[in-house]
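I open my notebook here to record, entry by entry, what I looked up and what I found. The sequence and the structure come first, so that each entry can be followed on them.

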Amino acid sequence: MTIFDQLAKQIDETADRDADQAKKSIVKFAEYVLRDKFGQRITVQPFQAHMLQAMEEHRFVVLEAARGFGKSTYGCLILPLWRLMHNRDLRIMIVTQSDGLAKHWLREMETIMASAPFQKIAGN
């Protein structure tokens, strides 16, 4: 086995491990499916992990945080996708201050659902 074969095998094993973790943890799921503007995976910060875990564990959560902390990204995008991945019969309503903003989040959801990372862990 060449060094390139060994490296490819190691990359595949890492990708499989990441996919398995993303199926089990909403935080790992967010890191697995979200990309920055350069197409690189994002890193969930500790306060965001706490926010995600609270949203997953409780039916109602009040979040107070400054702009740019990820409230909408995690509440309108990651949490619904996480729940849909585990229950395809689920119905979700996105309520925002404007019709355009709700459509924006729906387009973002569709983009992620069509992405290779989401398809790998959630299937069709």
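Predicted model: local features only at pLDDT ≥ 70, side-chain atom pairs only at ≥ 80, totals over all residues.

**Entry: the buried residues of H2**

I began with helix H2 and listed its buried residues, which are Ile-26, Val-27, Phe-29, Ala-30, Glu-31, Tyr-32 and Val-33. Helix H2 covers residues 26-33, and seven of its eight residues are buried, so I noted that the helix is largely enclosed by the rest of the structure.

**Entry: Val-27**

Val-27 has a relative accessibility of 11% and counts as buried, because buried means under 20%. Which residues is Val-27 in contact with, once its neighbours within four places in sequence are left aside? I found Val-44, Ala-49, Leu-52 and Gln-53. I also looked up the separation of Val-27 and Pro-46, which are 19 residues apart in sequence and 9.7 Å apart in space, taken from C-alpha to C-alpha.

**Entry: H2 against H3**

Two packed helices are described by the angle between their axes and the distance between the axes. For H2 and H3, I noted that the axes come within 9 Å and cross at roughly 120°, which makes H2 oblique to H3. On the side of H2 the contact is made by Ile-26, Val-27 and Ala-30, and on the side of H3 by Ala-49, Leu-52, Gln-53 and Glu-56.

**Entry: aromatic rings**

Next I searched the whole structure for aromatic pairs, and the search finds three. In the pair of Phe-29 and Phe-118, the ring centres are 6.2 Å apart and the planes stand at 70°, so I recorded the pair as edge-to-face. Phe-29 belongs to helix H2 and Phe-118 to helix H6 (residues 116-122), so this pair ties together parts that are 89 residues apart in sequence. Are these two residues, Phe-29 and Phe-118, buried or exposed? I found that both Phe-29 and Phe-118 are buried. I also noted that Phe-29, Trp-82 and Phe-118 form one aromatic cluster.

**Entry: Leu-34**

Moving on from H2, I came to Leu-34, which sits in the loop between H2 and helix H3 (46-57). Its relative accessibility is 11%, and Leu-34 therefore counts as buried. Not counting residues up to four places away in sequence, Leu-34 touches Gln-40, Arg-41, Ile-42, Thr-73, Tyr-74, Leu-77, Ile-78 and Ile-112. For one of these, Thr-73, I looked up the distance as well: Leu-34 and Thr-73 are 39 residues apart in sequence, and their C-alpha atoms are 9.5 Å apart in space.

**Entry: H4 against H5**

The axes of helix H4 (residues 71-86) and helix H5 (residues 99-114) come within 10 Å and cross at roughly 45°, which makes H4 oblique to H5. I recorded the crossing of H4 past H5 as right-handed. The contact involves residues of H4 including Ser-72, Cys-76 and Leu-81, and residues of H5 including Trp-105, Met-109 and Ile-112.

**Entry: the whole chain**

Last, I stepped back and found six helices and zero strands, in the pattern α-α-α-α-α-α along the sequence. Of the 124 residues, 31% count as buried. Among contacts with a separation of 6 or more, 56% join residues 24 or more positions apart. The chain exposes about 8,800 Å², and carbon and sulfur atoms supply 53% of that area.

Terms used
Residues numbered from 1 in each chain as written. Heavy atoms only, no water. Buried < 20%, exposed > 50% of the residue type's maximum accessible area, 1.4 Å probe, protein only. Helix = DSSP H or I, 4+ residues; strand = E, 2+ residues; numbered from the N terminus. Phe/Tyr/Trp six-rings, centres within 6.5 Å; stacked < 30°, edge-to-face > 60°. Contact = heavy atoms within 4.5 Å. Areas by Shrake-Rupley, 256 points an atom, 1.4 Å probe, with all protein chains shown as cover. Axes fitted to C-alpha atoms, helices over the stretch in contact; angles between N-to-C directions. Parallel < 35°, antiparallel > 145°, perpendicular 65-115°, else oblique. Left-handed = near helix turned anticlockwise from the far one by under 90°.
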